[in-house]
Amino acid sequence: MDQHELELLNKYAATDPELKSLWEDHVLYEKQVDKLEGKAFRTPTEEQTLKQLKKQKLEGKTQLMAILDRLKKQG
């Protein structure tokens, strides 16, 4: 995300519950992915969890970017 997108996020997250929720989920998934990727060894279950988290993170970011693109066009 570039600086302008982060500024839009900070500006509109307080008044747009969907945007705020997507951002909070994105941050949570990022932390969970980082934690699992930081492990020297992952069990098969952890590998599956990691794949699922990355998928959810990507889906959420796609939705987040769509909202930010819409906000850019409005502003």
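Colleague: Where is the place of E5, and how should I read a helix label here?

Modeller: E5 has its place in helix α1, where helices (H or I, at least four residues) and strands (E, at least two) are DSSP runs, numbered from the N terminus. Bear in mind that this is a predicted model, in which local features need pLDDT of at least 70 and side-chain atom pairs count only at pLDDT 80 or more, while totals for chains, interfaces and linings use all residues. Residues are numbered from 1 along each chain as its sequence is written, and side-chain values use heavy atoms, with hydrogens and water left out.

Colleague: Is E5 buried or exposed?

Modeller: The general idea is relative accessible area, with buried meaning under 20%, exposed over 50%, and partly exposed in between (1.4 Å probe, protein chains only). E5 has a relative accessible area of 7%, and therefore counts as buried. In helix α2, by contrast, lies E24, which is partly exposed because its relative accessible area is 44%.

Colleague: Which residues is E5 in contact with, leaving aside its neighbours within four places in sequence?

Modeller: Contact means heavy atoms within 4.5 Å, and with those sequence neighbours set aside E5 is in contact with M65, L68 and K72. The side chains of E5 and K72 are also joined by a polar contact of 3.0 Å; such a contact is a pair of N or O atoms within 3.5 Å, where, within protein, one must be able to donate a hydrogen and the other to accept it, and residues adjacent in sequence count only if both atoms are side-chain atoms.

Colleague: How many salt bridges are there by the rule used here?

Modeller: A salt bridge is a side-chain nitrogen of Lys or Arg within 4 Å of a carboxyl oxygen of Asp or Glu, and by this rule the count comes to 6. E5, D69 and K72 are linked in a network of such bridges. Elsewhere, the side chains of K54 and E37 meet at 2.8 Å, N to O, and this pair links distant parts of the chain, since K54 is in helix α3 and E37 in helix α2, 17 residues apart. At 39% relative accessibility, K54 counts as partly exposed, and E37 is likewise partly exposed at 39%.

Colleague: What are the accessibilities of E46 and K39?

Modeller: E46 is buried, with a relative accessible area of 19%, whereas K39 is partly exposed at 35%; the two form a salt bridge whose closest N and O atoms are 2.4 Å apart. E47 forms a salt bridge with R42, with the closest N and O atoms 2.8 Å apart, and here E47 is partly exposed at 29% and R42 partly exposed at 23%.

Colleague: Which residues make up the largest nonpolar core?

Modeller: A nonpolar core is a set of buried Ala, Val, Leu, Ile, Met, Phe, Trp, Tyr and Cys residues joined through side-chain atoms within 4.5 Å. The largest one has 9 residues, namely L8, L9, L19, L22, L64, M65, I67, L68 and L71. The elements giving two or more residues to this core are α1 (3-12), α2 (17-37) and α3 (44-74), and α3 gives the most, with 5 residues. A second, separate core of 5 residues includes Y29, V33, L50 and L53.

Colleague: What does L64 touch, not counting residues up to four places away in sequence?

Modeller: On that basis L64, a member of the largest core, touches M1, L9, L19, L22 and W23.
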